[in-house]
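Colleague: I have this model open on my screen and would like to learn how to read it. Please take me through it one feature at a time.

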Amino acid sequence: MTSAEAATTAAFQITVQPSGRAFSANTGQTILAAAIQSGVGLPYGCKDGACGSCKCKKISGTVRHGEHQPKALSADEEAAGLVLTCCAEPLSDVVLESRQVTDESAYPIKKMPVRVSTLEKKSPDVMQVRLQLPAADTFRYHAGQYIEFILRDGARRAYSMANAPHTQTEAPGVELHIRHMPGGKFTDHVFGAMKEKEILRVEGPFGSFFLREDSDKPIVLLASGTGFAPIKALIEHLQFKGITRPTALYWGGRRPEDLYMHDWVQARAAELPWLRYIPVISNALPEDGWSGRTGFVHQAVLDDVADLSGHQVYACGAPIVVDSARAAYSAQRGLPPEEFFADSFTSEADKHGG
Ligand SMILES: Cc1cc2nc3c(=O)[nH]c(=O)nc-3n(C[C@H](O)[C@H](O)[C@H](O)COP(=O)(O)OP(=O)(O)OC[C@H]3O[C@@H](n4cnc5c(N)ncnc54)[C@H](O)[C@@H]3O)c2cc1C
Ligand code: FES
């Protein structure tokens with residue numbers, strides 16, 4: 001082996017406190033990639049330096065950060081010893097502190113071809129896309145996780161699975177809720193040329209946004225727009241597992257049509273005594289005839305709940321909603337930061353300061 005090869009394969013030990021879980025990472029490999037490879041459940045979302053979900057404290061060791069957004073990790077935070085595991089390569093053994101490390105089993109991450117089985121417009125800018133997966137074996141994932149489409153040029157786009165895994169009864173398949181972002185590389189295709197039977201490539205499952213079943217705390221589910229997709233999977237999973245923790249779903253949109261499965265949620269709330277549904281609209285027009293709650297959805301939780309210190313919050317959707325909730329719930333309502341679980345739907349616009 002040449003010295004250059006030895007340098008690229010040298011493994012450093014990464015230890016996560018307080019759990020004491022340890023794994024090795026090669027130079028040139030990010031800490032998160034190594035954790036995923038080793039099946040260690042560190043928290044993460046975008047894997048691309050945009051959302052901040054993987055931020056944690058470095059207790060010792062040296063890392064080098066690749067490109068990332070200042071809003072995910074500011075220079076001051078970096079100087080204070082915080083790291084983004086998705087962009088940080090170890091330059092020595094490293095000890096991190098992450099209270100959200102999970103012992104949930106990590107399911108194998110697979111690349112596979114999928115076929116679009118149905119396309120159904122749920123609102124002017126939301127498409128429900130069902131994908132048929134290879135029949136050979138069941139696709140295992142935690143409700144709340146996401147898959148990535150691998151596009152022809154190698155670019156990737158992440159979408160949360162909106163159905164809980166147990167719903168794959170007849171054949172392996174997943175449901176996605178995709179919002180059109182005009183000018184977007186993938187969603188212009190979904191709302192343009194995409195047809196049923198189209199074959200695409202995906203990889204998954206990814207993500208740390210899933211129910212922590214070792215807790216019995218009451219739950220706040222916070223969704224903005226298509227952030228409802230993984231939340232729907234969580235509700236299906238709670239129902240399937242017979243979990244009756246008091247759960248309040250706050251779903252926000254600009255207009256009532258943005259709550260594109262409002263009837264589905266109302267039906268679940270009528271059926272499940274532990275589930276409350278609070279729809280919140282920020283920009284209702286007179287012709288909408290909206291008589292429900294108005295304003296920002298994360299604010300509705302602050303208005304209703306004086307103390308979140310004994311809750312878990314699961315938040316999903318627009319980065320601004322997730323970031324506002326994360327900051328306000330801890331600072332103003334006493335939510336322990338490790339009880340806030342989120343997937344921020346970052347896009348190219350967020351990665352380029354848009
Ligand atoms: C963990 C995760 C889960 C997600 N789950 C979902 C989901 O369930 N449903 C969902 O709808 N979305 C989800 N998303 C968002 C999704 O992955 C895509 O980012 C989104 O659909 C946009 O993809 P696109 O290719 O159409 O747009 P992109 O090509 O990413 O562009 C997005 C927008 O930015 C603009 N843009 C492109 N390049 C630039 C640039 N260089 N500078 C400034 N602006 C630019 C485009 O015009 C467009 O308006 C998720 C994201 C993450 C990280
Ligand atoms: S910033 Fe690291 S996962 Fe998003």
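Colleague: Which strands does α2 lie across?

Modeller: α2 lies across β1, β2 and β7, and it runs at about 120° to β2. Helices (H or I, at least four residues) and strands (E, at least two) are DSSP runs, numbered from the N terminus. The angle is taken between N-to-C directions, from 0 to 180 degrees, with axes as lines fitted to C-alpha atoms, for helices over the stretch in contact, and contact means heavy atoms within 4.5 Å. Before we go on, two notes on the ground rules. This is a predicted model, in which local features need pLDDT of at least 70 and side-chain atom pairs count only at pLDDT 80 or more, while totals for chains, interfaces and linings use all residues. Residues are numbered from 1 along each chain as its sequence is written, chains are lettered from A and ligands numbered from 1 in the order in which they are written, and side-chain values use heavy atoms, with hydrogens and water left out.

Colleague: In what order do the strands of the five-stranded open sheet come?

Modeller: First the general idea: strands of a sheet pair through backbone hydrogen bonds, either parallel or antiparallel. Two strands pair here if DSSP finds at least two bridges between them. In this case the order is β2-β1-β7-β3-β5, with mixed pairing. β2 and β5 (82-84) are the edge strands; each has a single partner, so one side of each is left without a neighbour in the sheet. On average, neighbouring strands of this sheet are turned by 40° against each other, direction ignored.

Colleague: How many bridges join β3 to β7?

Modeller: Three bridges join them, and the two strands run antiparallel. You can find one facing pair by looking for Lys57, which stands opposite Glu97 in β7.

Colleague: Let's move to the peptide bonds. Which residue does a cis peptide bond join to Pro205?

Modeller: That residue is Gly204, and omega is about 0°. Pro205 sits in strand β13 (residues 199-206). The bond from Gln17 to Pro18 is cis as well, with omega near 5°, but Pro18 belongs to the loop between β1 (11-17) and β2 (21-26). Lys47 is in the loop between α2 (31-38) and β3 (55-60).

Colleague: What is the order of the open sheet of six strands?

Modeller: Read across, it goes β11-β10-β13-β8-β9-β12, with antiparallel pairing. The edges are β11 (156-160) and β12 (173-179); each has a single partner strand, so one side of each is left without a neighbour in the sheet.

Colleague: How many residues lie between β8 and β9 in their hairpin?

Modeller: Two residues lie between them. Seven antiparallel bridges join β8 (residues 110-123) to β9 (residues 126-132), and Val116 has Leu131 in β9 as its bridge partner. β8 is also joined to β13, by six bridges and again antiparallel; there Lys111 stands opposite Glu203. Further along the sheet, β10 (residues 146-150) and β11 pair over five bridges in the antiparallel sense, with Glu148 partnered by Ala158 in β11. Helix α5 (residues 228-241) lies across β11 and β12, at about 145° to β12.

Colleague: Now the ligand. Which residues come nearest to ligand 1?

Modeller: Of the 24 residues around ligand 1, these are Arg157, Ala158, Tyr159, Phe186 and Thr187; a residue counts as near if one of its heavy atoms lies within 4 Å. β11 supplies the largest share of the shell, four residues, while β11, β12 and α9 (348-351) each supply at least two.

Colleague: Where are the polar atoms that lie close to the ligand's oxygen atoms?

Modeller: A polar contact is a pair of N or O atoms within 3.5 Å. A polar backbone atom of Ala158 is 2.6 Å from an oxygen atom of ligand 1, and one of Arg179 is 2.9 Å from an oxygen atom of the ligand. From the side chain of Thr226, a polar atom lies 3.1 Å from a ligand oxygen. The protein covers 82% of the 970 Å² of accessible area that ligand 1 has on its own, by the Shrake-Rupley method with a 1.4 Å probe.

Methods: Polar contact = N/O pair within 3.5 Å; in protein donor to acceptor, adjacent residues only side chain to side chain.
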